[in-house]
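I opened this model to take notes for a reader new to it. The entries follow the order in which I looked things up.

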Amino acid sequence: MQTLANKRILLGISGGIAAYKSAELTRRLRDQGALVRVVMTPAATEFITPLTLQALSGNPVHTELLDHAAEAAMGHIELARWADVIVIAPATANFIARLSNGLADDLLATLCLATTAPLLVVPAMNQQMWRNPATQENIARLQARGITLLGPASGAQACGETGPGRLLEPDEIVAAISAAGRTNQLAGVRVMVSAGPTREFIDPVRYLSNCSSGRMGYAVARAAAEAGALVTLITGPVALTPPARVRVIEVVSAEQMHAAVLAEAASCDIFISAAAVADYRSRQTALHKMKKQDTGIVLRLEKTPDILSEIATLARPPFTVGFAAETENLSDNAKQKLVQKNLDMIAANRVGDGLGFDSDKNALEVYWPGGSQSLGTAAKEKLARQLMGIIVARYREKSSQQTHEPAAIDVSD
Ligand code: C5P
């Protein structure tokens with residue numbers, strides 16, 4: 001299982017001998033499914049070539065702050081926005097000092113100032129430089145700002161000395177990055193997510209379906225797992241690798257999805273219905289492949305059960321979140337569905353114009369009874385994490401209201 005699937009990691013390399021280990025780190029990050037972009041300080045390029053890191057990361061390496069060509073393609077602000085997390089490995093004493101002082105004198109330092117992404121610093125330096133009070137003060141300042149420090153390890157150093165200041169091994173760094181993305185906001189909470197399209201067969205080789213890729217639902221399941229939830233993903237047929245630490249139930253038709261969701265409903269606290277369930281199925285499924293005819297044919301369709309509504313109207317429903325893909329009147333249609341389907345929340349997205357169904361990006365308007373929030377165009381992984389933040393807040397609020405409701409008083413005698 002890949003622990004960093006589609007996570008956008010900006011790897012910053014500063015100029016120390018341990019920079020050679022960044023090549024291995026880049027490979028390990030990609031093995032875990034991460035998308036890696038490398039930014040090097042000028043000194044780092046003296047230790048390892050940008051070409052090596054370009055080949056390993058699969059992306060051009062960025063080194064210059066004032067590079068007109070780079071700014072036209074992906075400039076420093078775009079890079080800062082692109083990253084889900086920035087990892088500086090190795091971080092030299094000099095880079096740590098620059099970071100601690102908020103300098104913006106090269107591309108990497110500027111990015112660190114311009115980003116809102118979490119920053120992970122992996123120091124590597126001579127043991128005496130590490131112990132120096134100046135470095136220790138800088139480290140303390142970074143930690144006070146919420147920057148995560150990974151390492152350093154202790155042991156034999158390239159300079160021949162022994163002590164603290166060794167870069168953590170690539171595997172240790174990868175494990176720490178995976179762990180740092182996890183929160184415990186939904187620890188112990190059972191979350192069921194439905195994803196992907198369904199297929200409604202007309203005969204053994206033909207079916208009705210839709211353009212859903214399943215990416216949004218998979219991203220939501222991943223975000224729930226990162227938040228510490230126990231996640232069950234009920235998925236229609238898609239070409240995606242399931243996220244790590246998620247239980248997967250594969251289905252094909254709306255009827256199978258209906259049965260699977262209902263069977264799990266009693267043992268879930270939150271249900272997020274991201275699947276694009278077919279609204280209609282053929283009244284009859286031919287036993288054998290239908291023969292081509294000279295004239296047209298009439299296909300009689302019947303409605304499929306509305307799974308989401310059924311779950312939301314159970315006697316003890318989980319916290320229910322629906323999705324609404326719309327090509328027009330986004331806000332009105334979504335608000336109407338929120339009420340009609342008795343939901344706790346709905347996430348509406350406009351489909352078409354390169355957004356929505358079969359795209360990496362999306363934009364969401366999230367509505368709940370009495371409130372709303374817009375999530376601007378972003379990668380589905382990022383949006384899913386933002387959506388999960390809203391779900392956590394609303395779920396907690398609803399749970400606390402339920403626990404504070406006065407107990408029913410029996411007045412029968
Ligand atoms: O009414 P509409 O199909 O637009 O509603 C979309 C929402 O309802 C989605 O959350 C989808 O997963 C869910 N749905 C369902 N069962 C259906 C159709 C849609 O659960 N048969």
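I looked up Pro90 and found it in strand 3 (residues 85–91); strands (E, at least two residues) and helices (H or I, at least four) are DSSP runs, numbered from the N terminus. The peptide bond from Ala89 to Pro90 is cis, with omega near 0°.

The model is predicted, so I note the terms: local features need pLDDT of at least 70, side-chain atom pairs count only at pLDDT 80 or more, and totals for chains, interfaces and linings use all residues. Residues are numbered from 1 along each chain as its sequence is written, and side-chain values use heavy atoms, with hydrogens and water left out.

I then went to Gly151 and Pro152, which are joined by a cis peptide bond with omega about 5°. Pro152 sits in the loop between strand 5 (148–149) and strand 6 (153–156).

Next I checked phi. Most residues other than glycine have a negative phi, and most peptide bonds are trans. Asn6, not a glycine, has a positive phi of about 60°. I place Asn6 in the segment before strand 1. Asn6 counts as partly exposed because its relative accessibility is 33%; buried means under 20% relative accessible area, exposed over 50%, and partly exposed in between (1.4 Å probe, protein chains only). Asn329 also has a positive phi, near 45°, and lies in the loop between strand 16 and helix 13 (330–340).

I looked up Ala18 in the loop between strand 1 (8–13) and helix 1 (21–31). Ala18 counts as buried because its relative accessibility is 11%. Ala18 and Ala263 are 245 residues apart in sequence and 53 Å apart in space, C-alpha to C-alpha.

For the whole protein I noted 14 helices and 19 strands. Of its 413 residues, 48% count as buried. The C-alpha atoms fill a box of roughly 80 × 75 × 35 Å along the principal axes.

Last, the ligand. A backbone N or O atom of Ala275 is 2.6 Å from a ligand oxygen. A side-chain N or O atom of Thr304 is 3.3 Å from a ligand nitrogen. A backbone N or O atom of Pro305 is 2.9 Å from a nitrogen atom of the ligand.

Methods. A polar contact is a pair of N or O atoms within 3.5 Å; within protein, one must be able to donate a hydrogen and the other to accept it, and residues adjacent in sequence count only if both atoms are side-chain atoms.
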